[in-house]
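Subject: A structure for you to explore

Hi there,

Here is the structure I promised to pass on. Have a look around first, and then read on for what turned up.

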Amino acid sequence: MRETARGWTAVWLVVLALLQTAAFVLVWRFAVHTELGQWLDTVALTGNQIGQDRIDGPVDTLLNAMSVVSLLAATAVIGFIALIRGRKALAVTATLLIAGANVTTQLLKHFLVRPDFGIDPERAAAGNSLPSGHTSVAASVAVALILVLPRKLRAAGAFLGAGYAAAAGVATLSAGWHRPSDAVAAYLVVGAWAAVAGLVLLVFQREQAVVEPGDAHRVTAAVLGGAGAVALLASALALSWLVDRSTIPVEALSRRQLFVGYAGSAAGIAGTIAVVAALVLVVVHRLVPRWKG
């Protein structure tokens, strides 16, 4: 029975990895390699100027706090949490998750090419910016935290981690550092790596492991995933409304249209990480179960 459950969990993780990889490819192809996708991203980036002077301070503080040093410190803390719980394999796997997601992000950013359709001439010289490195840092730390926290703290950790990662993703848009598709793509990279990390944890799971159904945070995962789905729906509706106006040059759009593009994209960013975090939370009790004795 235990081996059967592990087998189905492995299948679920493989499916999640493939789905999130496929979603990444779709986001990349649409947002980077189509004129409509580039136009929507540019509308959101232009709309970030509305009320920007009111949030510049908090946004800059949040983004400037993300550095190589802070990432190393966060990774060390996450590893320490796993080690004091006596989970060596978990400490190593969580570290590999963070490292793998962020290295993958930087490689993709370097090798992916962004065609110039003349839609965003101000940023054309910058080239490709997908996925967002800052967003990958925040999301990978948040997901790793869900894995290493004790079961009594996982639900709170999931909400706090998802909120932090969402704030980081929206902040990159608000600061004009990244397009919304960059943040969404970063979350999908982290989500795929989380599924791979789950498979590694299954391989090294101890024979004494006991999976308790009561340890599953189904309600929390449902709330988080439901909120994410609602945000994604709101984003889809907002962007669909803008599509009918895609023949209008970005600089000719009204303040209302620009705000819809910005707000709708921000909702899509927040919704994506909420769903990714919920998918991790719903299966973590099988990846990091209790031990006998």
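Let's begin with a word you will need: a residue is buried when its relative accessible area is under 20%, exposed when that area is over 50%, and partly exposed in between (1.4 Å probe, protein chains only). The helices below are DSSP runs of H or I with at least four residues, and strands are runs of E with at least two, numbered from the N terminus. With that in hand, look at helix 6, where 14 of the 16 residues are buried.

Two notes on the model. It is a predicted model, where local features need pLDDT of at least 70 and side-chain atom pairs count only at pLDDT 80 or more, while totals for chains, interfaces and linings use all residues. Residues are numbered from 1 along each chain as its sequence is written, and side-chain values use heavy atoms, with hydrogens and water left out.

**What the record says**

UniProt positions follow the numbering used here, with shortened feature names, and annotations may be inferred rather than shown by experiment. The unreviewed UniProt entry annotates residues 90–198 as "domain: Phosphatidic acid phosphatase type 2/haloperoxidase". In the model, that stretch is 74% helix and 0% strand, with its end C-alpha atoms 10 Å apart. The entry, again unreviewed, also gives the feature "transmembrane region" at several places, including residues 62–83 and 216–239. Residues 62–83 are 86% helix, and their end C-alpha atoms lie 28 Å apart. For residues 216–239 the helix share is 92%, with 35 Å between the end C-alpha atoms.

The expected span of a helix is 1.5 Å times one less than its number of residues. Helix 6 (residues 133–148) should span 22 Å, and its end C-alpha atoms are 23 Å apart, which agrees. Helix 4 (residues 68–84) has 17 residues and reaches 24 Å, close to the 24 Å expected.

Which residues of helix 4 are buried? They are Leu 71, Thr 75, Ile 78, Gly 79, Ile 81 and Ala 82. These sit on the same side of helix 4, because they cover an arc of only 155 degrees around the axis (the arc is that of the directions from the helix axis to the C-beta atoms). On the other side, Val 69, Leu 72, Phe 80 and Ile 84 are exposed.

In helix 8 you will find Pro 180, which is buried at a relative accessible area of 6%. Its C-alpha atom is 7.8 Å from that of Gly 169, eleven residues apart along the chain.

**Spaces inside**

On a 1 Å grid over the protein atoms alone, a cavity is a set of points where a 1.4 Å probe fits but cannot get out, a pocket is an open set with protein on both sides within 12 Å along at least five of seven lines, and lining residues have an atom within 4 Å of a point. Grid points are joined across faces, edges and corners, and a volume is the space filled by probe spheres set on the points.

The largest pocket has a volume of about 640 Å³. Of its 26 lining residues, Val 27, Val 184, Leu 232, Ser 235 and Thr 272 are the closest to its centre. Helix 1 gives the most to this lining, with seven residues.

The search of the whole structure finds one cavity of 30 Å³ or more. The largest cavity has a volume of about 90 Å³, and helix 1, helix 8 and helix 10 each supply at least two residues of its lining.

Enjoy exploring!
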